[in-house]
Amino acid sequence: MGEKVAVLVAGSWGTALGSVLADNDMNVMIWTRSEAQRDEINNKHSNEHFLPGAVLPANLVATCDMEQAVTGAKAVVIVAPSSAVRDVSHSLKAYWTNEMTVIHATKGFETESLKRISTVIAEELECDENEIVVLSGPSHAEEVVKRCPTTIVVASLNDERAKLAQDLFMNTYFRVYTNRDVIGVELAGAFKNIIALGAGLSDGLGHGDNAKAALITRGLAEITRIGVEMGANPLTFAGLAGIGDLVVTATSQHSRNWRAGYMLGQGKSLEDVLSQMGMVVEGIRTTKAAHVISNKYNVQMPIAAQIYHVLFEGLDPSIAVDALMGRDRKTEMEMISLQTYEQWHT
């Protein structure tokens, strides 16, 4: 058995990443607040609510004791919903040491503060944010746990910790690249969920593939535009964390965000959608954050704005589509400012 790695918490993505680590002969302890979930993982090697039908490795062990999960771990992988990251990180602080590499795979923002997830974790652990590793990219948990070929990226300004994360996860079906653009990788992973909501909404309205292709393409443009203004490298949005994750999230029925948008497009209320989903839909919280962020940076995000109106102001989805189609004429290259373009080419 290899070195110990702790995973916090036991949702679909946390369980899938824990399975990858277990396949790599790591001693994996996954933390959950639910005793029933703990017992199911340990006794039945399953997590039916989040990953129906999946058989989990025997060396993926669950616990409700965070001290037991974390003590002696070489790395801690935080995969909590964005709304729970601060609380989980605060609880982790009592057992975490600087020798442990912190890797997070949460795609979103802290809605109240608009802070990136790595910032929230660093504040609670009282550590250098540059030491944290971000894991992102096109990766449905349902496919990863079946060992389907998957390629992701880990980002950190600490090259040694990024390499460690790469080594922990890399295997024959799970390929890992490194990247130093932490801001870009985090922003791409968060904002793409908004566009995935829009893609599902378009499909729910029956608008077809032409509309969805346009929405994904223009969605990437506005994600890149706001990302660069917030300090990201535009090339990141053309990579795995950008277009890769956007495509997989906006086109697959595995995607919670696509499914939520699809139901909205079919006329269901947001309350009904969330009730039927039974799991966190990060794009909803991220849409609220993007509404404030775009105003703060004075950057137009027309798709995100219309989805905000649908989600939080009761706008009819078909009227939102009309508003997007009726915008003033533009040139396609109005993606980032000339000044920003020159900044990245000097």
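Modeller: Asp245 has its place in helix α10. The model is predicted.

Biologist: What makes the pair Asp245 and Lys107 a polar contact?

Modeller: The side chains of Asp245 and Lys107 are joined at 2.8 Å. The cut-off for a pair of N or O atoms is within 3.5 Å, so the pair qualifies as a polar contact.

Biologist: Which residues is Asp245 in contact with, leaving aside its neighbours within four places in sequence?

Modeller: Asp245 is in contact with Lys107, Ser136, Gly137, Pro138, Ser139, Gly189, Lys192 and Leu240.

Biologist: Where is Lys107 found, and why does Lys107 count as buried?

Modeller: Lys107 belongs to the loop between β5 (101–104) and β6 (109–110). Its relative accessibility is 15%; the limit for buried is under 20%, so Lys107 counts as buried.

Biologist: Which backbone oxygen lies 3.1 Å from a polar atom of the Lys107 side chain?

Modeller: That backbone oxygen belongs to Gly137. Beyond its neighbours within four places in sequence, Lys107 is in contact with residues including Ser136, Ser139, Lys192, Asn193 and Glu282.

Biologist: What does the UniProt annotation "binding site" cover?

Modeller: The annotation, from an unreviewed entry, covers Lys107, Gly137, Ser139, Lys192, Asp245, Ser255, Arg256 and Asn257. From this set, Lys107, Ser139, Lys192, Asp245, Ser255, Arg256 and Asn257 are taken into the lining of the largest pocket.

Biologist: How do you know that Ser136 is buried, and where is the place of Ser136?

Modeller: Ser136 lies in strand β8 (residues 133–136). With a relative accessible area of 2% against a limit of under 20%, Ser136 is therefore buried. Leaving aside neighbours within four places in sequence, its contacts include Lys107, Ile152, Val153, Val185 and Asp245.

Biologist: What joins the side chains of Glu186 and Ser118?

Modeller: A polar contact of 2.7 Å joins them. Leaving aside neighbours within four places in sequence, Glu186 is in contact with His104, Arg116, Ile117, Ser118 and Val134.

Biologist: What covers the span of residues 4–160 in the UniProt record?

Modeller: An unreviewed entry gives these residues the annotation "domain: Glycerol-3-phosphate dehydrogenase NAD-dependent N-terminal". The span is 32% helix and 23% strand, and its end C-alpha atoms lie 18 Å apart.

Biologist: What makes β4 and β5 a pair of strands?

Modeller: Four bridges join strand β4 (residues 75–78) to β5, and the two run parallel. Pairing requires at least two bridges, so β4 and β5 pair. Val76 has Val102 as its bridge partner in β5.

Biologist: How do you know that both faces of β5 are covered?

Modeller: In a regular strand the side chains alternate between the two faces of the sheet. In β5, Thr101 and Ile103 on one side are buried, as are Val102 and His104 on the other.

Biologist: What caps the N-terminal end of α7?

Modeller: Asn158 does, with a side-chain oxygen 3.1 Å from the backbone nitrogen of Glu160. Within helix α7 (residues 159–169), the buried residues include Arg161, Leu164, Gln166 and Phe169.

Biologist: How many residues has the largest nonpolar core?

Modeller: That core has 47 residues, and those with the most contacts inside it are Phe109, Phe191, Leu197, Ile226, Ile293 and Leu311. Among the elements that give it two or more residues are β9 (150–155), α9 (208–229) and α13 (282–296). Helix α8 gives the most to this core, with twelve residues. Apart from it lies another core, of 37 residues, among them Val20, Ile41, Val133 and Leu164.

Key. Residues numbered from 1 in each chain as written. Predicted model: local features only at pLDDT ≥ 70, side-chain atom pairs only at ≥ 80, totals over all residues. Heavy atoms only, no water. Core = buried A, V, L, I, M, F, W, Y, C linked by side-chain atoms within 4.5 Å. Buried < 20%, exposed > 50% of the residue type's maximum accessible area, 1.4 Å probe, protein only. UniProt positions renumbered as here; feature names shortened; annotations may be inferred. 1 Å grid on protein atoms, 1.4 Å probe; cavity = no way out; pocket = protein on both sides within 12 Å on 5 of 7 lines; lining within 4 Å. Contact = heavy atoms within 4.5 Å. Polar contact = N/O pair within 3.5 Å; in protein donor to acceptor, adjacent residues only side chain to side chain.
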